[in-house]
Amino acid sequence: MSGFVLAIDQGTTSIRAILFDDKMKVAGTGQQEFTQHYPASGWVEHDPEDIWASVLATVKAALTAAGRTASEVAAIGITNQRETVVIWDKATGKPIHNAIVWQDRRTAQLCQKLKEQGLEKKFTKKTGLLLDPYFSGTKMAWMLDKVKGARKRAEKGELLAGTVDSFLIWRLTAGQVHATDATNASRTLVYNIEKNVWDDELLSILNIPAAILPQVKDCADDFGVTAKSLFGAEMRILGVAGDQHAATIGQACFEPGMMKSTYGTGCFALLNTGADLVRSNNRLLTTIAYRLNGRTTYALEGSIFIAGAAVQWLRDGIKVIGKADQSGALAATADPAQQVYLVPAFVGLGAPHWDADARGAIFGLTRNSGPAEFARAALESVAFQTRDLLDAMRKDWKGASAKTVLRVDGGMVASDWTMQRLADILDAPVDRPTILETTALGAAWLAGSKAGVWPKAKEFAKSWALERRFKPEMDAATRVAKLAGWRDAVRRTLSTR
């Protein structure tokens with residue numbers, strides 16, 4: 001059997017298809033951006049048809065770039081932006097509404113209402129999540145309530161719902177399979193992560209019919225085969241994981257205490273807690289890291305909504321840089337005497353604050369503040385937010401020791417300046433791997449190992465290779481002063497101050 005494995009990496013702003021060879025090296029890629037829709041303040045949507053068209057185009061491009069055909073692909077792994085929801089017609093596959101994206105805040109009032117009813121503890125106990133618009137359940141409820149006739153059609157069994165992976169599986173298999181994996185299910189607000197089942201009580205509270213939801217499978221499992229008409233030959237779909245979970249796998253964080261952080265549009269840090277379902281006392285999330293062979297591995301997660309998006313704001317919003325990769329060099333020229341802080345609460349603050357109503361703010365400006373200080377503040381905000389997550393993890397679980405090394409991936413980690421500042425603020429080593437496509441690699445490994453053409457977990461972990469370790473260089477007094485300034489800036493920004 002061929003050792004080629006195809007990963008479909010369905011991100012928030014673009015889709016990439018990457019074909020890996022039998023040595024787990026990239027053989028061919030395809031990438032395509034798709035349109036972001038902002039129909040109202042705080043609302044973010046995607047057209048599912050744009051996503052679907054981009055998947056078809058990028059898969060074909062990756063195969064062409066590698067000079068390979070679908071018949072040579074042993075398996076497909078899918079990884080996707082989590083919490084983004086699609087509801088579609090069961091007969092036609094046509095979406096009833098644009099996908100509501102994880103960044104969307106339209107259900108903030110519903111979440112607040114549920115909190116006022118004293119229901120957050122119930123949701124948290126069963127799902128490990130907090131009542132926040134970020135998660136999928138309230139988005140599904142909104143669509144069922146707001147799209148004309150949707151609720152009646154759902155109750156009649158005419159509609160199906162799921163995160164983007166489910167929609168893609170349905171389309172790829174020509175409507176033969178309606179499934180998701182445990183990691184994506186764990187982000188919906190209606191999946192019991194201890195019992196590994198859709199929770200009838202939570203579904204009832206949000207008034208979501210259970211029949212519209214997908215079957216939940218292991219991350220490495222049989223998700224059907226692609227229709228021959230799509231790519232010229234059938235391909236087996238054998239791996240699925242939400243993007244942050246796929247990155248955890250791609251970073252080979254298989255042992256309790258291992259931690260990875262992905263710096264893409266947002267920043268998501270996951271700490272493997274093994275079989276321990278650790279309940280956070282510091283407003284972190286408890287989530288499923290992955291589920292393999294029916295065994296669940298848990299994680300503590302800190303979610304930061306704005307990371308790379310702050311660099312996009314520098315480029316597109318205030319236009320102080322022309323390209324994203326210029327941010328680190330510009331930040332390096334900032335005046336060290338100025339202490340400018342950016343709290344990037346453009347769509348609220350995530351962990352450990354979970355303040356949906358907070359909005360971005362800048363503190364410490366002087367007449368001498370300019371583009372360099374803005375760039376440094378934007379990049380440092382990512383380091384400060386990561387430090388907040390690490391501090392919370394250490395309080396929640398003894399396995400998060402002071403010796404924890406952070407494995408990093410995502411677009412931002414290419415900047416040496418940013419990674420050095422991250423190590424300085426964390427006062428901990430930061431490891432950048434040789435392969436930065438860890439999200440796609442994780443999805444590919446799930447599929448390849450299930451197909452029997454790639455190694456099992458222990459051997460795969462041995463293949464992880466370090467490109468560079470960034471060690472802390474900042475003196476303690478400077479770090480303490482910077483952290484104090486950051487915490488004061490956050491306190492001033494919180495809507496509940």
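Reply: Start with accessibility. Buried means under 20% relative accessible area, exposed means over 50%, and partly exposed lies in between, using a 1.4 Å probe and protein chains only. This is a predicted model, where local features need pLDDT of at least 70, side-chain atom pairs count only at pLDDT 80 or more, and totals for chains, interfaces and linings use all residues. Residues are numbered from 1 along each chain as its sequence is written, and side-chain values use heavy atoms, with hydrogens and water left out.

Me: Why is Glu 72 called partly exposed?

Reply: Glu 72 has 25% relative accessibility, so it counts as partly exposed. Arg 68 has a relative accessible area of 34%, so that residue is partly exposed too.

Me: What makes Glu 72 and Arg 68 a salt bridge?

Reply: The rule asks for a side-chain nitrogen of Lys or Arg within 4 Å of a carboxyl oxygen of Asp or Glu. The closest N and O atoms of Glu 72 and Arg 68 are 2.9 Å apart. The pair qualifies as a salt bridge. By this rule the count comes to 33 salt bridges. Side chains of opposite charge can pair when their charged atoms come close.

Me: What makes Arg 82 and Glu 83 a salt bridge?

Reply: Their closest N and O atoms are 3.8 Å apart, and the pair forms a salt bridge. Both Arg 82 and Glu 83 are buried.

Me: How do you know that Asp 416 and Arg 432 link distant parts of the chain?

Reply: Their side chains meet in a salt bridge, 2.9 Å from N to O. Asp 416 sits in helix 14 (residues 416-426), Arg 432 in strand 21 (residues 430-433), and 16 residues separate the two. Helices (H or I, at least four residues) and strands (E, at least two) are DSSP runs, numbered from the N terminus. Asp 416 is partly exposed, with a relative accessible area of 35%. Arg 432 is buried, at 6%. Elsewhere, salt bridges that share partners join Arg 82, Glu 83, Arg 187, Asp 243 and Glu 301 into one network.

Me: Which residues are in the "binding site" annotation that includes Tyr 134?

Reply: The UniProt annotation, from an unreviewed entry, covers Thr 12, Arg 82, Glu 83, Tyr 134 and Asp 243. UniProt positions are given in the numbering used here, feature names are shortened, and annotations may be inferred rather than shown by experiment. The lining of the largest pocket takes in Thr 12, Arg 82, Glu 83, Tyr 134 and Asp 243 from this set.

Me: What makes something a pocket, and its residues a lining?

Reply: On a 1 Å grid over the protein atoms alone, a pocket is an open set of points with protein on both sides within 12 Å along at least five of seven lines. Lining residues have an atom within 4 Å of a point.

Me: Why is Tyr 134 called buried?

Reply: Its relative accessible area is 0%, so Tyr 134 is buried. Tyr 134 lies in the loop between helix 3 (120-127) and helix 4 (136-146). Contact means heavy atoms within 4.5 Å. Leaving aside neighbours within four places in sequence, the contacts of Tyr 134 include Arg 82, Glu 83, Arg 187 and Glu 301.

Me: And why does Asp 243 count as buried?

Reply: Asp 243 has 14% relative accessibility, so it counts as buried. Asp 243 is found in helix 10 (residues 243-250).

Me: How do you know that the annotated set Thr 12, Thr 13, Ser 14, Thr 265, Gly 308, Gln 312 and Gly 411 gathers at one spot?

Reply: UniProt's unreviewed entry marks these residues as "binding site". They span 400 residues in sequence, yet no two of their C-alpha atoms are more than 14.1 Å apart, so they gather at one spot.

Me: Why is Thr 265 called buried?

Reply: Its relative accessible area is 18%, so Thr 265 is buried. Thr 265 is found in the loop between strand 14 (259-263) and strand 15 (267-274). Gln 312 lies in helix 11 (residues 308-317). At a relative accessible area of 32%, Gln 312 is partly exposed.

Terms used: On a 1 Å grid over the protein atoms alone, a cavity is a set of points where a 1.4 Å probe fits but cannot get out, and a pocket is an open set with protein on both sides within 12 Å along at least five of seven lines; lining residues have an atom within 4 Å of a point.
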